[in-house]
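Open the model in your viewer and keep the selection panel at hand. The stops below go from the chain contact down to single residues.

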Amino acid sequence: MLEVEHLRKIYDGHGRSVEALRDLTFRVGAGELVCLVGPSGCGKTTLLKCVSGLLAPTSGRVVLEGMPVSGAPANMAVVLQEYGRSLFPWMSVSANVELPLKQKKLPRARRREMVGRALDAVGLADAGAAYPWQLSGGMQQRVAIARAIAYEPHILLMDEPFAAVDAQTRAELEDLVRRIWAGFAMTILFVTHDIDEAVYLGQRVVILSSSPTVVQEDLAVDLPAERDQLTTRAQPRFTELRGHVYEQIQKAKAAAPPSSGVS
Amino acid sequence: MSAVLRRLAATMALPALLVVAWWWTSDASTNFYLPPLRQILAAFADVWIGDRFATDVLPSLARLAAGYLIAAVVAISAGVVIGQSRVVRGIAEPGLEFLRAIPPPVLIPILILFAGIGDQMKIIVIAVGAVWPILLNTVEGVRAVDQVLIDTARSYRISGLSRLRHLTLPAAGPQIFAGLRQALSIAIILMVISEMFAAREGLGFAIIQFQRTFAIPEMWSGTILLGLLGFVLATLFRMVERRVLFWYFGQRAAARDH
């Protein structure tokens, strides 16, 4: 589904040249839930911007369903970290979820149906007429997720979507992502700095090194497909995997030159 | 209901006080240029309630509306174009700052040459003055749209007219309205000034006529009417703003409460 090949990004400016990404190569197969995790400042957001077509890489390429990505591809939806700022405050929740569908030129009845289904899936069936600023942070992020689902993308990118949300809400939203992934048979690339979250959610965890970034390890998570916050996190295998990822990241941080803080 | 009445009372308290103070201090006045308020109010009733309203005030208001609307349409359109491109902004801004610094009244003799002394000239004067705050605020509003919203729109491939309608204009809305509000005050002033030089009717014309013929209470009454007009227009503006930007006020209130 998605292939990232030797992705490289150098930021040039103000007399400084910063190599954010050196050589990133990994793939995401159809229907997979892959988590990307790495030390702070390792260029996760840069990577996501390149993958989503918002930023052109210096070299290397991103291929989505056989087509190289240049500019935002049609079959991809992105959920950002700043949920509050990604929803349009002058539109109601339903209108926000419906907007990308209008781009797809779908008839109104079909749009309404898809909006209803998406809001239902995230547990906000009654919030359609509300405005984003009337909702809590967790609910706003659900709206952003609903918007992404309603769009019916082939691949969903999530850029640290739960980083700015409190721990209990984060747990709920993690389970929501798993449910959506299973229920809508989606392909998801999930970027996070939270190691526990990466291991809990992912079928695979791609561990990034420090800047200048390369793929440090591509780890398969062999936890059962049915996961829940209490039991899965208590399993010994979870602890092993988590420990392993943590070690890798510590190694990555130790090997790094002083952080240039690119993200 | 009583909350509304209370708010009304609070708003009207100071003006009422000032009016009473004016009445009191001017009641025994024998100064030709500062007649008692009683006389002014009598003149107000005589002059403005009746024919003159239709023959002087309405034409002035019509010209004000025309000039203001033309300025708004031109300024918002140009502002959106200029605001969206850094290159265009760089090219246009020095010229705009230069033109903006020229006081419109100074342009009136030139405009009379091109546009005559009729309604056209007056409307152009009003538009030329009102266009600047709207234009510059629109440019700023469009330039400062949240990057996260822009990225979101890009990633969902929302572009062109749809983007203008759903992202750019609403996002710049608060800033545009700030410009529109400033432009309203300027437009009212220019409405009066445009009628000072070459006019046959109008509110400003009437006030100047009264001044030139030493009909002082009538002149003062015209001035009061002008003030009332400004107040009514500002209130109407605020009502429209509250409705159009309901989301902005709602968002700010929500942020305050956290």
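How many residues does the contact take from chain B and from chain A? It takes 17 residues from chain B and 19 residues from chain A. Two residues are in contact if their C-beta atoms, placed from the backbone, lie within 7 Å.

Before you select anything, some ground rules. This is a predicted model, where local features need pLDDT of at least 70, side-chain atom pairs count only at pLDDT 80 or more, and totals for chains, interfaces and linings use all residues. Residues are numbered from 1 along each chain as its sequence is written, while chains are lettered from A and ligands numbered from 1 in the order in which they are written.

**Stop 1: the chain B side of the contact**

Select α7 (147-155), α8 (160-197) and α11 (246-257) of chain B; these elements each give two or more residues to the side that touches chain A. Helices are DSSP runs of H or I with at least four residues, strands are E runs of at least two, and both are numbered from the N terminus. The largest share, 6 residues, comes from α7(B). Colour this side by class: 7 residues are nonpolar, 6 polar and 4 charged. Here Ala, Val, Leu, Ile, Met, Phe, Trp, Tyr, Cys and Pro count as nonpolar, Asp, Glu, Lys and Arg as charged, and the others, Gly among them, as polar.

**Stop 2: chain A as a whole**

Along the principal axes, the C-alpha atoms fill a box of roughly 55 × 45 × 35 Å.

Colour by pLDDT, the predictor's confidence in each residue, from 0 to 100. The mean for chain A is 87, and 97% of its residues reach 70 or more. Then select residues 259-263 of chain A, where pLDDT stays under 50. Where pLDDT is low, the predicted coordinates should not be read in detail.

**Stop 3: two domains**

Select residues 2-75 + 154-255 of chain A for domain 1, then 85-152 for domain 2. The bounds come from an automatic or database domain assignment. Over C-alpha atoms, the two centres are 25 Å apart. At the join, 10 residues of domain 1 are in contact with 7 residues of domain 2. Helix α6 (residues 167-183) of chain A gives the largest share of the domain 1 side, 5 residues. That side has 8 nonpolar, 2 polar and no charged residues.

**Stop 4**

Select residues 93-103 of chain A. Is this helix, α3, largely enclosed or open? It is largely enclosed by the rest of the structure, because 8 of its 11 residues are buried. Buried means 20 or more other C-beta atoms within 10 Å of a residue's own, exposed 12 or fewer, and partly exposed in between, with C-beta atoms placed from the backbone. Among the buried residues are Val93(A), Asn96(A) and Leu101(A). The cover includes α4 (108-121) and α5 (137-150) of chain A, together with α8 of chain B.

Step on to Lys105(A), in the loop between α3 and α4 of chain A. Its phi is near 60°, a positive value in a residue other than glycine. Lys105(A) counts as exposed, because it has 7 C-beta neighbours inside 10 Å.

Next, pick Glu160(A), in the loop between β7 (155-159) and α6 of chain A. Phi of Glu160(A) is also positive, near 45°. Glu160(A) is buried, with 21 other C-beta atoms within 10 Å.

**Stop 5: Ala198(A)**

Finish in helix α7 (residues 195-201) of chain A, where Ala198(A) is found. Ala198(A) counts as buried, with 26 C-beta neighbours inside 10 Å. Now select Cys35(A): it is 163 residues from Ala198(A) in sequence, yet 5.4 Å away in space, C-alpha to C-alpha. Beyond four places in sequence, Ala198(A) is in contact with residues including Val37(A), Thr192(A) and Val245(A).
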